[in-house]
Each structure stands twice: as structure tokens, then as C-alpha cells.
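Student: Hey, I'm new to this one. Can you walk me through what I'm looking at?

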Amino acid sequence: MPGKRKGKRRVVRARFEVWLAEGFVHEEIAVLRQVAVLMHIPDGLIGFAMAVVTWVVAIGAIAYALKRSRVELDDRSIPIVGLIAAFVFAAQMVTIPVAGGTSAHLLGGAMAGIMLGPWVGMLVVSVVYMVQAIGFADGGITALGANILAMGVLAAVGGYYLFRAVTAFLPRTRWAYLGAVAVASWVTIVVAAVLVAVFIVFGGPLPLAAFPIMIGVHMLVGILEATISTSVVAAVLATRPDLLANGDRLPASEPADGREVA
Amino acid sequence: MTSSSSRSVVPFVLAGLVVSLFIAVIVSNFAAESPDALQRAVIDSSCQGAATAEEAEECLAEQEGDPVLQVQPEPLFGYEATWLSGLVGVIACFALGAGIVLLLHRTGGASSGTSGRVR
């Protein structure tokens, strides 16, 4: 095992031992395990009060996003929005091995926000979480508000503005653009993990030790997120840059008029 | 948006849907079976001898008497087949996503035609 990898694993293990020392065992391991990497919070991990609060805030956020989206969308957007929702759903089905013999999958919030704009992007990933929760029991119904807040609102809106902030200081090149996508994706995953930890610790039964575990795990998972998100955005950038939001941030060599590059 | 933004999105959307369906229906069947990060932490701390995922699972099952090691969430809607879940989910997400936008558009979207999506 290469040294770097071993180091990371040792960190995760050290955190886990702290967690065990607090007398926190099997059922919770099973539950937190699912939350930790798939990030979708299942039912039963969020108390009634937190469920109500997160649902109310999430509904407010969706209402606001619908209002804002109305201005951002044109009729070409109809199939594009459907497509990105379908793609994010598909991508979330595929768990991929990441460093240290572990696995995780794409969440795609930042990617959707950067590609479609913050509010449309947020709606797209919210649609995915609704379909997953209602149709497929992936993430709880009571936890749907919390899941939408962490992986939808925070990831898409936060990812979008972080991307804008990063690219504001960079030259308009392809590498800067894609680098900013990677940074935004990674950061939003780690911050979303913190928010999920807030929900399940302060609104649920988990101990404070969930924080270091969630953060540590997602610093690794974020690398996968950044890799996939950047690849997808790169593919769109190469074929249809005119479909990307953030037109003012496109590389100078890729004018937003849809020049064929492929 | 520049003038050529009227270029059709249909080929792009069709290509994207084919890719999405391919991922959801075919690739998802090969989703990683290796333990996720937290499982790995469990294995590292209590099942250090285990070399493969199978061995680790056995070791963990012994330790806990309980299958903690399901990588995938419970398959869904009672569908046994991953590909069917993928197919249904992709279609549902496309329909719902496009449907919401269509509805927004119909109910007096401020921007009809070519006004930019770019903020």
C-alpha cells in the first residue's frame, strides 16, 4: 500500500476509534455508513422538529428557485433541464471505487448549478432527490427537506457562487474554467457533509463524532465528485458551450456561440 | 446570448439521454462492490487481516452478526432488477424536470423566446 494512501486511511481509522470509544455501535454504524458516503439521509435519522424545520426551509427555497428560474429559462431549456436531472439520477446509481479501497458516487449539485445557473440547478437536483425518496426509498421522506437543503440548495447555489468567485480571479482559459469547477465541486461536497452532520447531530441521534467522520470521508469523496463533475462540464464545454450558464466566464477561446470543437 | 444560440438542442439532448440510459441501465449493474469509506474504517479497525471485500464481509458478519456491508441502498420500489430502477428513474427525472420547466413556461414565464439563461 503506497504511503500516501496509508496515511489517509490512518486518519479515517483514528477518527473511527474516537467514535467507537464513545460507545457508539452497530445500528448506528449501519446508518451512518449509508449517510456518510451516499450522503442521502434516511428516515429516522432526523427528529420531528428538525424534519419540520428543514422541510419548511426547503419548500421556501424551492418556491424561490421556481420564481427565479422563470426568468432564467427559455423554451430551449425544457429538454436540457430534464436531461441534466436524468443524467444526475443515472450517475448517482453508479458507485465507484475511490482511494483506500472505498466507494462513493457523484452527487452533482455543484455541477448542475454551474451548468444551469444556481436556481435551475437547485431545482434539477431537488427533482432527483424527490424521485429517489418517493420512488426508490433512497433518502427518507421526512429527511427529504434536509437532503434538498444540503445536496441541492447548498451544493447548487453555493457551488455556482463559489465558481463565480473563483473564476473572477482567474484568466479566461479552459484550464481555469475547469479548475474552478473542480474546486467548487470538492468544496461543496465537504461543506454539504458538514451541513448533513449538523442535521443528524443536532436534529438526530448521532454524537458529535459524526462531524470529523463526515468531513474526513468527504474530503476523499469530494475528489471523485470533482473528477466526474469536471469531466462532464468539459464534455459540454467541448461540444455545446452555448448551453452553459456563466457565459461570461467561458474560456476566451470558446466563444459562447456554440462553435464546434469536438 | 449570441445569434447562433438558436442552434437546435435536440441532438445534444438525445445524445445525453442515450448516455444517461446507458449509465443507469447497463453501467449501474457494475457498480462498485468494494466497501465504502466508513466500512473501510470498520474493516481497518476490526478486520485488519481481511484482504478482499468478501473476506472483510465475512469478518464483519462474524463481528456484528449483521450485514452492515450493503454498498447500494435498498433496491427500490421492490424492483429486483437494477436496470429497471435505472430506466424508470431516468425517465421519471427527465419527465419531472422538463415538466416543471414546461409548466413554469406556460404559466407566464417572463422570458419567452431567446432571452438568455445566463445570468
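Student: What share of the contacts in chain B between residues at least 6 apart in sequence join residues at least 24 apart?

Tutor: In chain B, 52% of those contacts join residues at least 24 apart. Keep in mind that this is a predicted model.

Student: What about chain A, counted that way?

Tutor: There, 74% of the contacts between residues at least 6 apart in sequence join residues at least 24 apart.

Student: Switching topic: which residues touch the most other members of the largest nonpolar core?

Tutor: Those are Ile84(A), Ala85(A), Val124(A) and Cys93(B), in a core of 102 residues. Helix 8 of chain A, residues 174-202, gives the largest share of this core, with 15 residues.

Student: Let's pick Val124(A). What does it touch?

Tutor: Leaving out residues up to four places away in sequence, Val124(A) touches Val81(A), Ile84(A), Ala85(A), Val88(A), Ala112(A) and Leu116(A), plus Gly97(B) from chain B.

Student: Where does Ala112(A) sit, and is it buried or exposed?

Tutor: Ala112(A) is one of the buried residues of helix 5 of chain A. Eight of the eight residues of that helix are buried, so helix 5 of chain A is largely enclosed by the rest of the structure.

Student: How do helix 4 and helix 5 of chain A pack?

Tutor: Helix 4 of chain A, residues 77-92, packs against helix 5 of chain A at an angle of about 165 degrees, and their axes are 11 Å apart. That angle is over 145 degrees, so the two helices are roughly antiparallel. Their crossing is right-handed.

Student: Which residues make that contact?

Tutor: Val81(A), Ile84(A) and Val88(A) come from helix 4 of chain A, and Ala112(A), Met115(A) and Leu116(A) come from helix 5 of chain A. By class, that contact has six nonpolar, no polar and no charged residues.

Student: And how does helix 5 of chain A pack with helix 7 of chain A?

Tutor: Here the angle is about 50 degrees and the axes are 7 Å apart, with helix 7 covering residues 144-168. Helix 5 of chain A is therefore oblique to helix 7 of chain A. The crossing is a right-handed one.

Student: What classes of residue are in that contact?

Tutor: Between helix 5 and helix 7 of chain A, there are nine nonpolar, four polar and no charged residues. Among them are Gly109(A) and Gly113(A) on helix 5 of chain A, and Gly152(A) and Gly159(A) on helix 7 of chain A.

Student: New topic. What's with the phi of Asn246(A)?

Tutor: Asn246(A) has a phi near 60 degrees, a positive value in a residue other than glycine. Most residues other than glycine have a negative phi. Asn246(A) lies in the segment after helix 9 of chain A, and it is buried, with 21 other C-beta atoms within 10 Å.

Student: What about Val57(A): where is it found?

Tutor: Val57(A) is in helix 3 of chain A, residues 48-72. With 15 C-beta neighbours inside 10 Å, Val57(A) counts as partly exposed.

Student: What does Val57(A) touch?

Tutor: Not counting residues up to four places away in sequence, Val57(A) touches Gly145(A) and Leu149(A). Its C-alpha is also 8.8 Å from that of Ala146(A), although Val57(A) and Ala146(A) are 89 residues apart in sequence.

Student: Last one: which helix holds Pro212(A)?

Tutor: Pro212(A) belongs to helix 9 of chain A. Pro212(A) is partly exposed, with 17 other C-beta atoms within 10 Å.

Methods. Residues numbered from 1 in each chain as written. Chains lettered and ligands numbered in written order. Predicted model: local features only at pLDDT ≥ 70, side-chain atom pairs only at ≥ 80, totals over all residues. Core = buried A, V, L, I, M, F, W, Y, C linked by C-beta atoms within 7 Å. Buried ≥ 20, exposed ≤ 12 C-beta atoms within 10 Å, placed from the backbone. Helix = DSSP H or I, 4+ residues; strand = E, 2+ residues; numbered from the N terminus. Contact = placed C-beta atoms within 7 Å. Axes fitted to C-alpha atoms, helices over the stretch in contact; angles between N-to-C directions. Parallel < 35°, antiparallel > 145°, perpendicular 65-115°, else oblique. Left-handed = near helix turned anticlockwise from the far one by under 90°. Nonpolar A, V, L, I, M, F, W, Y, C, P; charged D, E, K, R; others polar.
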